[in-house]
Amino acid sequence: GLVEVTVEGEQPPSRLPGHIEVTLFRIAQEAINNVAKHADARHVRVGLSFGGDTVTVSVADDGKGFDVERALGGQGHGLESVGLLGMQERVNLLNGRMEIRSSVGAGTVIVVQAPVSEGAA
């Protein structure tokens, strides 16, 4: 079925450095693809916010969710099984961090935070 995507965000104080912009876009794209493939969700909300030297992107869905600890418990292979490995790799490129909150039947929220200090490039 169709997935409805809503994007809510603050205007950035200034354009982000290009490589960060592109990487965050790819992360969000990959998250939405995962939702479409795995989650049986009807709605996805993508959020973008800025605080200090940090940009935060969140992707929340109302799908079936999964057991995070079990998915991530398989010696790191869990990230693959839920399609998150590529996202984690991109997050690592930004020196960022990714948090996954999910439980079976309750949807999933993925939060990515990355530093945007000018000198990071």
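Tutor: What follows is a set of questions and answers on this predicted model.

Student: How many salt bridges does a search of the whole structure find?

Tutor: The criterion is a side-chain nitrogen of Lys or Arg within 4 Å of a carboxyl oxygen of Asp or Glu. With that criterion, the number of salt bridges found in the whole structure is five.

Student: Which residue meets Glu8 in a salt bridge, and where is the partner?

Tutor: Glu8 belongs to strand E1, residues 4-9. Its partner is 37 residues apart from it and sits in strand E2, residues 43-51. The N to O distance is 3.5 Å, and the side chain that Glu8 meets is that of Arg45.

Student: Is Arg45 buried, partly exposed or exposed?

Tutor: Buried requires under 20% relative accessible area and exposed requires over 50%. Arg45 has 44% relative accessibility, so the class is partly exposed.

Student: Which residue forms a salt bridge with Arg90?

Tutor: The closest N and O atoms of the pair are 3.1 Å apart. The pair links helix H4 (residues 85-93), which holds Arg90, to helix H1 (residues 18-39), and the two residues are 60 apart in the chain. The partner in H1 is Glu30.

Student: What is the relative accessibility of Asp40, and which residue does Asp40 bridge to?

Tutor: Asp40 lies in the loop between H1 and E2, and its partner lies in the loop between strand E3 (54-61) and helix H2 (68-72). The closest N and O atoms are 3.6 Å apart. Asp40 counts as exposed because its relative accessible area is over the 50% cut-off. The value for Asp40 is 60%, and the residue it bridges to is Lys64.

Student: Which residues touch the most other members of the largest nonpolar core?

Tutor: In soluble globular proteins, nonpolar side chains tend to be buried together. The largest core here has 27 residues. The two that touch the most other members are Leu24 and Met98.

Student: Which element supplies the largest share of this core?

Tutor: H1, E2, E3, H2, H4, strand E4 (97-102) and strand E5 (108-115) each supply at least two residues of the core. The largest share is six residues, and the element that supplies it is H1.

Student: What is the handedness of the crossover from E1 to E2?

Tutor: E1 and E2 run parallel and are joined by six bridges. Within this pairing, Gly9 stands opposite Leu48 in E2. The chain passes from E1 through H1 to E2, and this β-α-β crossover is left-handed.

Student: What is the C-alpha to C-alpha distance between Leu72 and Leu84?

Tutor: Leu72 is found in helix H2 and is partly exposed, with a relative accessible area of 34%. Leu72 and Leu84 are twelve residues apart in sequence. Their C-alpha to C-alpha distance in space is 10.0 Å.

Student: Which residues are the closest to the centre of the largest pocket?

Tutor: The largest pocket has a volume of about 330 Å³. It is lined by 15 residues. Those closest to the centre are Leu24, Phe25, Ala28, Val46 and Leu48.

Student: Which element gives the most to the lining of the largest pocket?

Tutor: The elements that give two or more residues to the lining are E1, H1 and E2. The top contribution is six residues, and the element that gives the most is H1.

Key: Residues are numbered from 1 along each chain as its sequence is written. This is a predicted model: local features need pLDDT of at least 70, side-chain atom pairs count only at pLDDT 80 or more; totals for chains, interfaces and linings use all residues. Side-chain values use heavy atoms; hydrogens and water are left out. Helices (H or I, at least four residues) and strands (E, at least two) are DSSP runs, numbered from the N terminus. Buried means under 20% relative accessible area, exposed over 50%, partly exposed in between (1.4 Å probe, protein chains only). A nonpolar core is a set of buried Ala, Val, Leu, Ile, Met, Phe, Trp, Tyr and Cys residues joined through side-chain atoms within 4.5 Å. Two strands pair if DSSP finds at least two bridges between them. A crossover is right-handed if, with the strands pointing away from the viewer, the path from the first strand over the helix to the second runs clockwise. On a 1 Å grid over the protein atoms alone, a cavity is a set of points where a 1.4 Å probe fits but cannot get out, and a pocket is an open set with protein on both sides within 12 Å along at least five of seven lines; lining residues have an atom within 4 Å of a point. Grid points are joined across faces, edges and corners, and a volume is the space filled by probe spheres set on the points.
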